[in-house]
Amino acid sequence: MNKKNPEVVMVTGASAGVGRATALAFAKRGAHLGLIARGLPGLESLRKEIEALGARAVVLQCDVADPEQVEASAKKLEETFGPINVWVNNAMTTIFAPFKKIEPAEYKRATEVTYLGAVYGTMAAVKRMLSRDSGTIVQVGSALAYRSIPLQSPYCGAKHAILGFTASLRSELLHDGSNVHITMVHLPAMNTPQFEWCRTRLPRHPQPVPPIFEPEVAAEAIYWAAHHRRREVRVGASTVKAIIGNKVMPSTLDHYLGNIGYEAQQTHDPVLPDRPDNLFEPVDTDYGTHGSFGAKSANFSLQTWSTLHRGTLAAAAAGAAVLAWATVGRKKKARHKR
Ligand SMILES: NC(=O)c1ccc[n+]([C@@H]2O[C@H](COP(=O)([O-])OP(=O)(O)OC[C@H]3O[C@@H](n4cnc5c(N)ncnc54)[C@H](OP(=O)(O)O)[C@@H]3O)[C@@H](O)[C@H]2O)c1
């Protein structure tokens, strides 16, 4: 990144979890950031973390379900730091519950935030990027954009919808010969605050389905995706397995998840009766980057590392092949001389 001309990056859902880790990943490399979320405590403490790294950030308190607020945030970011180079659509909320226990207003709200929030973010970004014929939009996806699981129907529906509209827009950009790039990063289970503050009707505390990764693993993949022209990036072997498994045996997976999906998504602890949730209003506390599953979470994914270092691995493999070929050649020559 050019230090004189820092990258300008918008991250939605920046105050916690994957969004917060992503904002920090860009900040470490000197980017200027726009931080979208609703809760001020999380946004302000993130701004301080970013400034401690020597980068700059503007707090943009905004509900992504409102297109006017999203547009105003984009305008403010450009007035503060200049043209937006990268826009990361990451904000989400959901209700952990069987479909039959979810109210229409709750379904609507989760969809407006998680799906339409990404649509409105993309609109604000595309509008600006098209006029400059440059820029990258990163949609934060999930294994669940391909393979739905029980107890998460609003979320799975929204993630499938983001996948769908993104593919449509990508074809339009290609049709127009645009240099604007849109990509999607599909994540496995991550140790983030969503399991503490998303609305739930489950009897026991919700949990991500193992294997679980720390949000920094996702953040590095998102940073990488913003700087390479890949259609999509799949993070974690479990994501790859879910996507391929669903292609090959969707019905078997329906039954399998029906059997194990309820248990796998709950800890043994009861849900606290006064648990706050962030569906309609933000929670008034800074939840930080990580959730409560640190002891079970990995900091590294070999599959992701190989995906992000594909070029280096290919060069190393080519080097090894040349070396092996040269060694065989030398041995043959030596035999010939004898
Ligand atoms: N955690 C996982 O297991 C997992 C797995 C696969 C994919 N992902 C993806 O990773 C991304 C981040 O998830 P996460 O687990 O990090 O979630 P999280 O910890 O719950 O954080 C969600 C962020 O979105 C913000 N947000 C919620 N409602 C909003 C609204 N109406 N307007 C603006 N911002 C809003 C929250 O802040 P406020 O509430 O203060 O607004 C927070 O900053 C999502 O796209 C998710 O699909 C996560």
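I count two strands as paired if DSSP finds at least two bridges between them. Helices (H or I, at least four residues) and strands (E, at least two) are DSSP runs, numbered from the N terminus.

The model is predicted: local features need pLDDT of at least 70, side-chain atom pairs count only at pLDDT 80 or more, and totals for chains, interfaces and linings use all residues. Residue numbers start from 1 along each chain as its sequence is written.

Sheet. I looked up Ile-212 and found it opposite Ser-297 in β14. Strand β11 (residues 212-213) runs parallel to β14, joined by two bridges. The open sheet has three strands in the order β8-β11-β14, with parallel pairing. β8 and β14 (297-298) are at the edges with a single partner strand each, so one side of each has no neighbour in the sheet.

Overall form. I find eleven helices and 14 strands in the protein.

Ligand shell. I find 32 residues around the ligand (C-beta atom, placed from the backbone, within 6 Å). The closest are Gly-13, Gly-17, Gly-39, Thr-192 and Gln-194. The elements giving two or more residues are α1 (17-28), β2 (32-37), β6 (136-142) and β8 (189-190). Which element gives the largest share of the shell? α1 does, with three residues.
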